[in-house]
Structure formats: structure tokens, C-alpha cells
Amino acid sequence: MSITIALPKGALLKGTIARLQAIGIDFGEFLETSNRLLRLKDRSERYEGLLVRAQDVPVYVAYGQAQVGVVGFDILKEKQLPVAQVADLGFGYCRLSVAVKGDSPYRGVQDLPAHCRVASKFTTCARSYFEERELPVELIPLYGSVELAPLTGMAEAIVDLVSTGRTLKDNGLIEIEKIFDSTARLIAHPLSYRLGRVGLHELLGQIQTAAVPA
Ligand SMILES: Nc1ncnc2c1ncn2[C@@H]1O[C@H](COP(=O)(O)OP(=O)(O)OP(=O)(O)O)[C@@H](O)[C@H]1O
Ligand SMILES: O=P(O)(O)OC[C@H]1O[C@H](OP(=O)(O)OP(=O)(O)O)[C@H](O)[C@@H]1O
């Protein structure tokens, strides 16, 4: 019985593939531009890789189509799906933050006007953050280029991922609060994990301790 691993497209793909290569599981073909493969078996045929959008990784794992997945903590918080969180893999650092225009008068979330608009791809996280502080805001869901929302005047603030801070800087925005830090997490299908599906715990242990060249 093979084990299926859901790999995230985008920012975490290279790091995920490097981890797996370090323990002899090679899904490097997913990085090649000469193919459009979404499913691969490794050489041993013991492992199958699925290439999915980052936010879909916990969906495949929760439904048991993949027993293992790698995904950002930010997405786990946002999607709230039933998966076993096995380990912090330590790469893919970023943080979810609140940002505003640099020339605005806001220097903390308490300064934002009541019922102001806040744009985000992370509406669940943003909603709970503002609700916990009893700050009423109107959330505007977006799918990307969230930094544009304050520049066009659509929103007073954004809740978005920051890594190097380059996107904020280049667009004249400043970070006023950090909501949480995020790194890549190793996740597993809860039932397979609890019942100890053949080879699963061994694989998870190897992925956690894999020595990856810097
Ligand atoms: N600089 C960064 N910007 C965004 N995400 C980052 C960054 N560094 C690490 N990450 C991690 O990578 C994930 C983003 O992956 P991806 O690049 O596929 O994002 P996306 O463009 O939002 O995805 P999608 O195209 O599916 O909407 C995040 O969930 C986060 O955990
Ligand atoms: O702090 P930085 O290193 O500049 O990285 C942060 C940026 O990267 C992400 O966007 P992404 O490239 O995923 O594009 P998107 O706007 O389509 O989400 C994120 O949403 C920020 O815009």
C-alpha cells in the first residue's frame, strides 16, 4: 500500500521537495517546466505525490486522499480543517500582519476607525483577530495583490502575509501589528495517523529529521 503526499504549489514547493529528496523520495519533476504533471510516483513506487494549491493541501489530507501534506501554518489557521499537525518543519517563514498606508494616521489597530474596511485573503483569521479585540471592521475578501486595496482607497487596512517586507515597502505600506508567525507544517490524515497506517510514522519521522542542505 503506497503513501500519498500532498505537496503545495508556490512558495513552499522547493523546500518541500528538498526535504523529501533528502530522505530519498524524489518528486523533482514537479519543478520542471517541461511538464504539467500533477501526480507522480517516486522511484520506489512506495510514495505518490500530488501537486496541489497550497490552500488545498489540508483539504486532500482531511479527506484522506493524501495521508501526508506540507502546508503553511497560516493556511491551517485559516482553513480550520481536521488534520493531525505533526511537526513544524522550520522553513517558509512569514507572518500574518495588519498593514496600512505609510502616510495614514494609523499606527496601531486601536487607531483604525470603527467599521473601517479591511481587505484580506485570510478573512477567517482577520475576523477572529478583530473580534477578539472588539474592533468592528468590514472585511473585504480578495484573492491576491491585497496591498492594492489601501492604495486605491478601497480599504483602510489589510491583513496579509509579510516575509521580507519588500511588497509593503515598494507600495508605501507599513506593518502596524503582527497577528502570528507562520512556517511550513507537516500534517497527516488523523485516522491514518492514529491507527498507524503501515510505514506512515516511519515516513513522518524521517521527514522531520531530514538533513536538508542550506
Ligand atoms: N513571501 C511569502 N509570501 C507568501 N507566502 C509565503 C511567503 N513565504 C512563505 N510563504 C508560505 O507559502 C504559502 C504561499 O504559497 P503560494 O505562493 O502558493 O501562495 P498563494 O499565491 O497565496 O497561493 P494561491 O496561488 O494558491 O492563492 C503561504 O501560505 C505561506 O505559508
Ligand atoms: O514580504 P514579501 O517578501 O514581499 O512577501 C509578501 C508578499 O508575498 C505574498 O504575495 P504573493 O507573491 O503570494 O502574491 P499574491 O499577492 O497574489 O498573494 C503576500 O501576499 C505578499 O504580497
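Modeller: Domain bounds come from an automatic or database domain assignment. Here the chain is divided into domain 1 (3-92 + 183-209) and domain 2 (94-182). This is a predicted model, in which local features need pLDDT of at least 70 and side-chain atom pairs count only at pLDDT 80 or more, while totals for chains, interfaces and linings use all residues. Residues are numbered from 1 along each chain as its sequence is written, chains are lettered from A, and ligands are numbered from 1, in the order in which they are written.

Colleague: How far apart are the C-alpha centres of domain 1 and domain 2?

Modeller: They lie 30 Å apart. Eight residues from domain 1 and seven from domain 2 make the contact (C-beta atoms, placed from the backbone, within 7 Å). On the domain 1 side, helix H3 (residues 73-79) gives the most, with four residues (helices are DSSP runs of H or I, at least four residues, and strands are runs of E, at least two, numbered from the N terminus). That side of domain 1 has one nonpolar, four polar and three charged residues (Ala, Val, Leu, Ile, Met, Phe, Trp, Tyr, Cys and Pro count as nonpolar, Asp, Glu, Lys and Arg as charged, the others, Gly among them, as polar).

Colleague: Which residues of the largest nonpolar core touch the most other members?

Modeller: In soluble globular proteins, nonpolar side chains tend to be buried together. A nonpolar core is a set of buried Ala, Val, Leu, Ile, Met, Phe, Trp, Tyr and Cys residues joined through C-beta atoms within 7 Å. Buried means 20 or more other C-beta atoms within 10 Å of a residue's own, exposed 12 or fewer, and partly exposed in between, with C-beta atoms placed from the backbone. The largest core has 31 residues, and Ala6, Leu7, Val57, Val61 and Val70 touch the most other members. Among the elements that each supply at least two of its residues are strand S1 (3-8), helix H1 (13-22), strand S4 (68-72), strand S11 (184-188) and helix H8 (200-209). A second, separate core of 19 residues includes Leu96, Val100, Ala149 and Leu173.

Colleague: Which residues of H8 are buried?

Modeller: Leu203, Leu204 and Ile207. They cover an arc of only 100° around the axis, which puts them on the same side of H8 (the arc is that of the directions from the helix axis to the C-beta atoms). Their cover includes S1, H1, S4, strand S5 (84-88) and S11. Exposed Glu202 and Thr209 sit on the face turned away from the buried side of H8.

Colleague: Which residues are buried in helix H4?

Modeller: In H4 (residues 123-132) these are Ala126, Tyr129 and Phe130. They fall within an arc of 90° seen down the axis, so they line one face of the helix. They pack against strands S7 (116-120), S8 (137-141), S9 and S10 (173-182). The face turned away from them carries the exposed residues Ser128, Glu131 and Glu132. Just after H4, glutamate 134 takes a positive phi of about 55°.

Colleague: Which residues come nearest to ligand 1?

Modeller: A residue is near a molecule if its C-beta atom, placed from the backbone, lies within 6 Å of it. Of the 15 residues around ligand 1, Gly10, Ala11, Arg53, Gly72 and Ser163 come nearest. Domain 1 and domain 2 each give at least three residues to this shell, which holds six nonpolar, six polar and three charged residues.

Colleague: What surrounds ligand 2?

Modeller: Its surroundings include Gly144, Glu147, Asp160, Ser163 and Arg166. Strand S9 (157-162) and helix H6 (166-170) each supply at least two residues of the shell. S9 has the largest share, three residues.

Terms used:
Two residues are in contact if their C-beta atoms, placed from the backbone, lie within 7 Å.
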